[in-house]
Amino acid sequence: MDRSRIIVTAVVLALLGAIVPIAAMFHFSWVLAVQEEHERLELFANRAIARASISLKDAAGALREIDRFTGDRCSVDHIARMRRLTINTRSIEEMGYFENGLLKCTSWGPTEGRITQAAPDFTAADGVAVTARIRPLANLDHPLMALQYKRHNVLIDPLRFVDIVVDPDVQLALATNTGVLLSALNGPDPARIGKIIADPGKGLDDGHLFAAVRGTDWIAVATEPESQIVDSVRRRQLLLLPLGAFIAAFIIGMVVWLSRRRLWPLGELQIAVRKHEFIVHYQPIVALRTGNCVGAEALVRWRRPNGSLVRPDLFVPLAEESGVIAAITDQIIALVVLDLKKLLVANRSLHIAINLSPADVRTARVLPVIEKALQHTGIQPRQIWLEATERGFVDVDSARSTVIRARELGHAVAIDDFGTGYSSLSHLEGLPLDALKIDKSFIDTIATDSATSSVTPHIIDMAKTLKLKIIAEGVETQAQVDYLMERDVDYGQGWLFAKPMPAAEFIAYCRKARLPA
């Protein structure tokens, strides 16, 4: 992922991190307020069910008591008993006695005319038959409910069933389980109530919150305009929005931290190591006398996911400073074995030079890694050369121990970029090296009037004195080749012969390379 994609992704995530928690708190405030209001409406509906049950129980009790009367029916005593029960039972408006389906007398006296008994809508669990709506002759505009037990009945005003204290904006309705609307308080919309009764529960319908509760014989519905919860929503927002802001700030902080970590050079480098984004290019080393390819230096390249390559000088110093270089070196070793196993086994005269960090020279950590990587591959240790810059040999004692151990394992060891550091002849004499590589900066001065042009022959003479093989780096002209051959330099490496190349190209090159005429 390149920097622009990281930045765009970070901006999008930061925006989402800012918006989503705040929006979630707005939504959560509304959900909590609705949930609380549903619970309150459900409480009112339960109260209506309880009130209806009490009224029904009182009326049923009065009917059973009058049924136990043993005197003559519709006598003065009978009518007086019905009147007392009517007066003393709050829910009853009137009590009557039927004989052969006709009303004979009521709690107010004998009846005149032919009044037939209404057919019940249902019979409650206690045996009381219920007629949901009848219109008494005394008041045709105010329907009542009739309860029948054996030959007696009572008339009840359905408003008694919803005679509970509710807020002015709460609308209450009571219906039978069959859906017959019995009573209503504060004028709920009958159509809405009918739809709710058909599917009882809690919800929101046409801007109204509702809660329906089903009892044994009744369904109670409490509704309220949605606008009534505005204040409740705002109170919750005052509590929850600071939490949302904190979460948003935390998410944005994490996005910024992760983005900076991803964009931070060391962070990018660490991610590249985890994702194995490093590859190896091989720059051929040729014998100056014959032009034959004798090996190559393994050069690390960082290939980003978008295919672009990062030069080693842009990340190797940071890798060495941070310690990440150890993991990179291990990956290079594994890639060299994977890329060139067949070639090295087929041609024992070829070698591959692997660069070691100063830390690896000091600790010898890398030697067991190489030894394990070469097991069962057929690659001989002498085909793996180890190179380190002069900085790697500053701690002479530790370096000497590592070089000795490396040579015992069969590896050749070379000092790389010689002349750019602080090595002296005494340092070199104390190290059992096999080869010395002259830095490109000195090769560039060959056949020039540069002030440092005289250093190159001194380096060559020093290497010969120590009986080290000499490899010239950065060879780019035939004049440089001629100069080096005159001084019996063994090998050359540079763009005159070949640029660093992927494994497949190197395999093809080293089989046919010759020194240019």
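Modeller: Trp-218 is buried, its relative accessible area being 2% (buried means under 20% relative accessible area, exposed over 50% and partly exposed in between, with a 1.4 Å probe and protein chains only). This is a predicted model, in which local features need pLDDT of at least 70 and side-chain atom pairs count only at pLDDT 80 or more, whereas totals for chains, interfaces and linings use all residues. Residues are numbered from 1 along each chain as its sequence is written, and side-chain values use heavy atoms, leaving out hydrogens and water.

Five aromatic pairs are found when the whole structure is searched (rings of Phe, Tyr and Trp, for Trp the six-membered ring, pair if their centres lie within 6.5 Å; planes under 30 degrees apart count as stacked, over 60 as edge-to-face and the rest as tilted). One of them joins Phe-122 to Trp-218 in an edge-to-face arrangement, with 6.0 Å from centre to centre and 75° between the planes. Phe-122 belongs to strand E4 (residues 122-123) and Trp-218 to strand E12 (residues 218-225), so the pair links distant parts of the chain, 96 residues apart (strands, E, of at least two residues are DSSP runs, numbered from the N terminus). Phe-122 is likewise buried, at 17% relative accessible area.

A tilted pair is formed by Phe-278 and Trp-302, because their ring centres are 5.9 Å apart and their planes meet at 40°. Since Phe-278 lies in strand E13 (residues 278-287) and Trp-302 in strand E14 (residues 293-303), this pair ties together parts that are 24 residues apart in sequence. Phe-278 is buried at 3% relative accessible area, and Trp-302 is buried at 5%. Together with Phe-315, these two residues make up a cluster linked by ring pairs.

Trp-302 also has a charge over its ring: the charged end of Arg-304 sits there, 4.7 Å from the ring centre (NZ of Lys or CZ of Arg must be within 6 Å of the ring centre and within 35 degrees of the ring normal). Elsewhere, Arg-487 lies over the face of Tyr-483, at 3.6 Å from the centre of the ring.

To return to strand E4, it takes part in an open sheet of seven strands, ordered E3-E2-E1-E7-E6-E5-E4 with antiparallel pairing (two strands pair if DSSP finds at least two bridges between them). E4 and strand E3 (109-110) are the edge strands, each pairing on one side only.

Technical notes: Helices (H or I, at least four residues) and strands (E, at least two) are DSSP runs, numbered from the N terminus.
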